[in-house]
Amino acid sequence: MTHYAMVIDLNTCVGCNACMAACAMENQTPVWKSSWRTYVHDKEIGNGSDVHRRFFPRLCNHCDNPPCMSVCPTGATYKLDNGIVLVDEERCMGCRACAMACPYDARRSVTYEDVERGREFYGEAYRRQHPSVDKCTFCEHRLKEGLEPACVETCVGSARMFCDLDNPEDPVSQLVASGVARPLMPHLGTRPNIYYIDDLKRRG
Amino acid sequence: MVRFAQGRKNGAKVVALDPRRSETAAKADEWLAIRPGTDLAFLLAMMRIMMEEGYYDATFLKRHTNMPFLLYRDEAGEWQPLTDSEGRPRVVAEGTRDVITLKKFSHDNRENDEGRIFCPELQPPADLTVDGKRVKSVFQAQLEELEHYTPEWAAVSTGIDAETIRRIAREFGTSRPAIIDPGWHGARFGNIMMLRRVQAMIQALTGGIDTIGGWIQAAEYRHKAHEMFKAYEAGHEIAAPMANLAGMHFAKMVIGAVSNGDNFDHGKPGWTWAWSQQQQAAGEQNIALPVMTDTGFRESIEGKVEWQGEPYLTRAVIINAANPVRHYYPDSYWKECLSHPNMELVIAVDVLPSDTAAYADVILPNTTYLERDEPMVYGNGVNQDLALTTRYAAIPPLYDTEETPDILYKLTEIVSGNTEGFLDWIETLTGLPKVPLKQAWVETRKIHEKGSFLAASRRVAFEGAAAKIHRTAAELDSVMRDRGVYNEADKVELINRWGMPRKMPVPTDSGRIEFFSGLFHSLRSAGQKAPNFSPLATYIAAECRTGRKMHEPLAEDEFYFTYGKTPTVSHASTNSNNPVLAAVNDFKSDIYKRVWIHPQRAEALGIGQGDRIRLTNNLSQQTTEGDAHLTRLIRPDTLFIYSSFGVENPALSQTQGEGTATNKLIPYQVEPVVAGFKSQEFTLRVQKA
């Protein structure tokens, strides 16, 4: 079996936002309203003068136990055997229950207006036919062609790494197995598949 | 960036010196929030510790640098090289008082001018005299120059405590490999050139020049140097010197070309040279090496520049792929120059309606890099592997545009009719031979309605590049089309065979890495006495307030100023109206488009998050507005602005009116060596707007 996951090394994310631009172009997202499938926080953390700047990329966590799927009243949200969580734009009625259930803030609305704007902005190449809630697909269409997700391929700091957790030879899945990469909010029981390598070390 | 990230993953320790937590400083193990303009003090203290405590690669310094060369002080107290009658350098043999003469140009000091092998001494006996002169090695003279630059001294101006400076110097000095990344920009403070020189000297102290993990020479540069030395040795003339010379040899050729009126039809040197000589004669501040600068530009429009008693006027200007109204200093200088009554014609060649294009009489629309095949085959720039590359059009041109080479040819035809001279210059500058180029153009004219001259250039360039690597143009094309580059040699192989200076001279005057600079010594000997022209490393204080030191307290509303780049906007104009990048900038609007100010200082001025503020330059009284971004990621005494914004041309619909233009705050003031902008050497005052 295949079980896709992403590891993000916060030590080498340089906050360039290339992932945001690559994802937007690849997945034809509504940039006109600054709506993103993936985005990079630029955060100031720490007390007083002991202050750090941290770049923190975010995206759908493709949970093994996805709350967005549990709450979806129409069955539009579904999960592939390889772990990818997808939305069927024809079945989605745009109720946003999934967006409220998602603890990772990973879902955005694409409206009728956005679809019209998208046809204009992306031209003939625009793929979307219907409005729906929109989210990261791990670039499933690229994976089928043997390519990595657009954000991974473009990452200049090689902070984003993609892997198959079921492949023990995969060096990135070994990072996950080693425990150095950890998911966000695992206590919620969502069993997420985005892992982060911490960049903050204890000093002094 | 890929290499930086790989270094981090491999466990490199990174220390960042920056008044603000930049993208790079955010990735550092230690962020040292140094006071603006004082980096030189930090680095001189570091250099002193490394030299005094022995954190240097002694073998490297003895063999491949001019550190062991002997100097003496002349009657005026100036350091002079102790040479023989033929100008050959002299050193002392290690552990002796024997003075040995070296080859004038070489990469290895172990061999004297007669081929005898010995080891030069870095620190000859203190009482040594030669020809009746008290002598010291460059190493000793440099150490003497650094005597006052203790960590305690540097702590005062930098705001970084002496113990930290000492620790960083030791950690850096005892780590191998270690590397200094010099940072961006030939501007900011009057000491910028000395700062860059001292950064290079510290790197050379570690022996980390052309070593894995150190400063690796760009392969194209190394290749040029190698070919140049080979030609010199064989006594050949260098063809197309503009394309084929490297290092100081290239710099001197350019200086010679633009400073000599014989190279121009009108018989005058470049106006920057005419103006600098005029200023020098009048006893005014002048620029020693005014190459590729705008010094004297305004004066040449106003009719103030003269050559041999005649006015030397600039009446027309072609601006190709540059946006000086937005990116040079200040905006008012360029707006006034371009709309001056004496300026009869302004031509802008650009891909977007930039702020500069708004001042053009004629705009010649150009293709973007996505729409064109480039006219040349290029070396791979700063890349460490030797390779050839070029661009292939990704899409056909979207608009009614023309290519730059075709534009320039046509303009020559209209302006002077001297198209033969134009082709001669192309041959000199780029190495593209005139006769085959003309032949190819006959063919490409039949195929291309537009860009036929570019296509001819490309055809000839492919033939020439392919012949050099013993391939056909078709083979070269197929590899580059497939992989983007044609790889000729790997960096490890290049370093092993032609490492500079371990295997081959560096393109300096002496062939060695020069701590005592031959260039600066000659400028100083020609009468340039400012500390900027010291041949050895020395201190030049930044002076943001006339007569006041950097560590003296600022007024309550007064700040130092610094600026930097956003990852999302380049300084050319090609992406400044890109809707996707503009959307990213909107997403991070508070960070990217606002003025960074420390909350502690903002509070005292009654400024809250997002408040509109007025900024005024205390030196020039230039003034503009911005929005406050309160953040502790900046020193309390400093303001920061990303320099990518402040677009004024409404035709740039995605960005016009966003953010603050730094060149509305930066005045025209330059340092004396190459007219580098002192773009941060002032203070700003801030009030709520």
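**Chain B of a predicted model, in conversation**

Colleague: How many helices and strands does chain B have?

Modeller: This is a predicted model, where local features need pLDDT of at least 70, side-chain atom pairs count only at pLDDT 80 or more, and totals for chains, interfaces and linings use all residues. Residues are numbered from 1 along each chain as its sequence is written, and chains are lettered from A, ligands numbered from 1, in the order in which they are written. Helices (H or I, at least four residues) and strands (E, at least two) are DSSP runs, numbered from the N terminus. On that basis chain B has 25 helices and 23 strands.

Colleague: Why is chain B said to be as compact as a globular protein of that length?

Modeller: The radius of gyration is taken over C-alpha atoms, and the globule rule is 2.2 Å times the number of residues to the power 0.38. For 689 residues the rule gives 26 Å, so chain B counts as that compact because its radius of gyration is close to this, at 27 Å.

Colleague: Which element gives the largest share of the side of chain B that touches chain A?

Modeller: Contact here asks for C-beta atoms, placed from the backbone, within 7 Å, and it takes 23 residues from chain B and 23 residues from chain A. Helix H1 (2-9), helix H2 (23-26) and helix H23 (579-587) of chain B each give two or more residues to the side of chain B. The largest share, 7 residues, comes from H23(B).

Colleague: Which helices do the buried residues of H6(B) pack against?

Modeller: Buried means 20 or more other C-beta atoms within 10 Å of a residue's own, with C-beta atoms placed from the backbone. In helix H6 (residues 151-158) of chain B, the buried residues include B:Pro151, B:Ala154 and B:Thr158. The buried residues of H6(B) pack against helix H3 (39-52) and helix H7 (162-173) of chain B.

Notes. Two residues are in contact if their C-beta atoms, placed from the backbone, lie within 7 Å. A residue is buried if 20 or more other C-beta atoms lie within 10 Å of its own, exposed if 12 or fewer, and partly exposed in between; C-beta atoms are placed from the backbone.
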